[in-house]
Amino acid sequence: MRPVTERPRRATLRTQDAIAIEAAYEPGTGPSGDLAIVLAHGFTGDLERPHVRRAAGVFAQRAAVVTFSFRGHGRSGGRSTVGDREVLDLAAAVEWARSLGHTRVVTVGFSMGGSVVLRHAALHRGRTEARTDGVVAVSAPARWYYRGTAPMRRLHWVVTRPAGRMVGRLGLRTRIHPYDWDPVPLSPVESVPLIAPTPLLVVHGDSDPYFPVDHPRMLAAAAEGGAELWLEPGMGHAEHAASDELLGRIGDWAARAAVTGAAE
């Protein structure tokens, strides 16, 4: 049973690999009392960033919201692995939402967070406390090591070079792990076929400067008819570019999808 009166709260979560993750809970004002939306931010974000708070505020009009900072971001511990072990951070946030009494949980991820929600849904299936009842990937890459745009070439410099990681730490407030992936994690497009029957929504802007529209189309195609694809005219990249109207539609989709996903 959930409390009759709830209030916002903060917590430090502990991941399976013992990383401390800062998290926040907003009970929300919407009609879907048993639904929680867990928001996974993009690379260099954290739960205090204005664009993350704005998105959380729109979602909170429809459901309770859990936000958190990925490892290496904000006040969370550890270092960013740029989409690999971040799955454990998301799992801890989903488990926290369920521990607060929410029987339906939908994950919404932006950019790097979009890749994480896809991999999390593929790896945490079944009736575990870390499972999700619906997945929304916004501005997510389909494949690893993509360097086809200038912003992604700059991002790879930040992640792979010592000088770049210093810029990440001092200029972007993001602490980045210095080692290559070993092994290379399951890619987003490889994860998608493993998500069904959990409802999946792929959202992407047709003016995204990081990932062109072949990425969302690859993700949707990998679902073999089991995903919705929204290509948003004129939208750029991730949380910064998502309008309140789009965020509201995503929240409405989450409320509908969670009913289907929780019944599976």
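1. The side chain of Arg98 reaches the backbone oxygen of Thr103 at 3.1 Å, in a model that is predicted, with local features needing pLDDT of at least 70, side-chain atom pairs counting only at pLDDT 80 or more, and totals for chains, interfaces and linings using all residues. Residues are numbered from 1 along each chain as its sequence is written, and side-chain values use heavy atoms, with hydrogens and water left out.

2. Arg98 lies in helix α2 (residues 86-99), helices being DSSP runs of H or I of at least four residues, numbered from the N terminus. Arg98 is buried, at a relative accessible area of 9%, where buried means under 20% (1.4 Å probe, protein chains only). Neighbours within four places in sequence aside, Arg98 is in contact with residues including Glu129, Arg131 and Asp133, contact meaning heavy atoms within 4.5 Å.

3. In helix α4 (residues 150-160), the buried residues are Pro151, Met152, His156, Val158 and Val159. They lie on the same side of α4 because they cover an arc of only 160° around the axis, the arc being that of the directions from the helix axis to the C-beta atoms. Their cover includes α5 (162-171).

4. Helix α4 also gives the most to the lining of the largest pocket, with 8 residues, while α3 (112-123) and α8 (238-241) each supply at least two. Of the 46 lining residues, Phe43, Val82, Met112, Leu155 and Val159 lie nearest the centre of this pocket. Here a pocket is an open set of points on a 1 Å grid over the protein atoms alone, where a 1.4 Å probe fits, with protein on both sides within 12 Å along at least five of seven lines, and lining residues have an atom within 4 Å of a point.

Technical notes
Buried < 20%, exposed > 50% of the residue type's maximum accessible area, 1.4 Å probe, protein only. Polar contact = N/O pair within 3.5 Å; in protein donor to acceptor, adjacent residues only side chain to side chain.
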